[in-house]
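Dear colleague,

I am passing on the structure below, and after it you will find my notes on what was found. Please read them alongside the coordinates.

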Amino acid sequence: MQAFSCVNREEISTMQRKWCPNLNHRRSNAPVRYCPNCGEVVSANIIVKKCSEEEHAESRRRRNAYCTDCGAQLIK
Ligand SMILES: [Zn+2]
Ligand SMILES: [Zn+2]
């Protein structure tokens with residue numbers, strides 16, 4: 001029983017590290033390269049875009065923590 005719960009805890013911590021509420025992670029063909037919530041690559045086949053400051057400001061207004069086009073951190 002003890003050994004079992006130990007293995008279980010390990011699995012849970014792995015899941016928590018990777019868990020992100022953003023739906024893009026669950027899509028097979030996400031429309032964005034980076035997750036706006038955690039900044040992880042969700043769709044590696046989408047080309048990295050060179051963004052302007054205005055685009056990042058607009059992204060910030062939509063409360064994205066990360067840019068979905070270049071992965072830059074917008075909110076610190
Ligand atoms: Zn994410
Ligand atoms: Zn960007």
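The protein chain has 2 helices and 0 strands, where helices (H or I, at least four residues) and strands (E, at least two) are DSSP runs numbered from the N terminus. This is a predicted model, in which local features need pLDDT of at least 70 and side-chain atom pairs count only at pLDDT 80 or more, while totals for chains, interfaces and linings use all residues. Residues are numbered from 1 along each chain as its sequence is written, and chains are lettered from A and ligands numbered from 1 in the order in which they are written.

Of the 76 residues in the protein chain, 16% are buried; a residue is buried if 20 or more other C-beta atoms, placed from the backbone, lie within 10 Å of its own, exposed if 12 or fewer, and partly exposed in between. Leaving aside neighbours within four places in sequence, Cys35 is in contact (C-beta atoms, placed from the backbone, within 7 Å) with Cys20, Asn22, Asn24, His25, Glu40, Val42 and Tyr66.

Proline 21 lies in the loop between helix H1 (2-18) and H2, and counts as exposed because it has 8 C-beta neighbours inside 10 Å.

Arginine 63, in the segment after helix H2 (53-61), has a positive phi of about 65° although it is not a glycine. Most residues other than glycine have a negative phi.

How values were computed. Contact = placed C-beta atoms within 7 Å.
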